[in-house]
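Work through the exercises below with the sequence and the model at hand. Each task is followed by a solution in steps.

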Amino acid sequence: MTQAAFFVLTALADQPRHGYGILREVEDLSDGEVHLRVGTLYGVLDRLTADALIALDREEVQQGRLRRYYRLTDEGVAALDAEAERMAAGASAAKQRIAESGRTPVVPPVTGPGLAGGLA
């Protein structure tokens, strides 16, 4: 499962959402690390729909525009849960190996806005 698909399924785990709502939720869930473009989002939604992991919940017209709301299916819940378990097991194995190595992870320093862009 791709990172984008994982976060889209996670965004739909608690309630149906429309495209823009999914984009915002993915960004929030990933702490700003995942920025989906609209074209990417709709490609992911099409694949997840074809795989029966999500389904169209309803359509609403707001300010003259059609909003499609998607929801997680029972198959989607099962797939998301399995992927979360797989990721947790992998993270646990990595943490255990690091602990067994006796090495201490180095946390990179936090930089302020603009510093990563090379501004002095």
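**Exercise 1: a helix pair**

The axes of helix α1 (residues 3–11) and helix α3 (residues 38–50) come within 10 Å and cross at roughly 75°. Classify the packing angle of α1 and α3, and list the residues through which α1 and α3 meet.

Solution. The model is predicted: local features need pLDDT of at least 70, side-chain atom pairs count only at pLDDT 80 or more, and totals for chains, interfaces and linings use all residues. Residues are numbered from 1 along each chain as its sequence is written, and side-chain values use heavy atoms, with hydrogens and water left out.

Step 1. Helices (H or I, at least four residues) and strands (E, at least two) are DSSP runs, numbered from the N terminus. Axes are lines fitted to C-alpha atoms, for helices over the stretch in contact, and angles run from 0 to 180 degrees between N-to-C directions.

Step 2. Angles under 35 degrees count as roughly parallel, over 145 as roughly antiparallel, 65 to 115 as roughly perpendicular and the rest as oblique. The crossing at roughly 75° therefore makes α1 roughly perpendicular to α3.

Step 3. Taking contact as heavy atoms within 4.5 Å, Ala4, Ala5, Val8 and Leu9 of α1 meet Leu41, Val44, Leu45 and Leu48 of α3.

**Exercise 2: two residues**

Are Phe6 and His18 buried or exposed? Which residues does each contact, leaving aside neighbours within four places in sequence?

Solution. Step 1. Buried means under 20% relative accessible area, exposed over 50%, and partly exposed in between (1.4 Å probe, protein chains only).

Step 2. Phe6 lies in helix α1 and is buried, at 14% relative accessibility. Beyond its sequence neighbours within four places, Phe6 contacts Met1, Leu80, Glu83, Ala84 and Met87.

Step 3. His18 belongs to strand β1 (residues 17–18). His18 has a relative accessible area of 11%, so His18 is buried. With neighbours within four places in sequence set aside, the contacts of His18 are Arg67, Arg68 and Tyr69.

**Exercise 3: the whole chain**

What pattern does the protein follow along the sequence, and how does its radius of gyration relate to the globule rule?

Solution. Step 1. The protein has four helices and three strands, in the pattern α-β-α-α-β-β-α.

Step 2. The radius of gyration is taken over C-alpha atoms, and the globule rule is 2.2 Å times the number of residues to the power 0.38. For 120 residues the rule gives 14 Å; the protein has 18 Å, well over that, so it is more spread out than a compact globule.

Step 3. The C-alpha trace spans about 55 × 40 × 20 Å along its principal axes, and buried residues make up 28% of the 120 residues.
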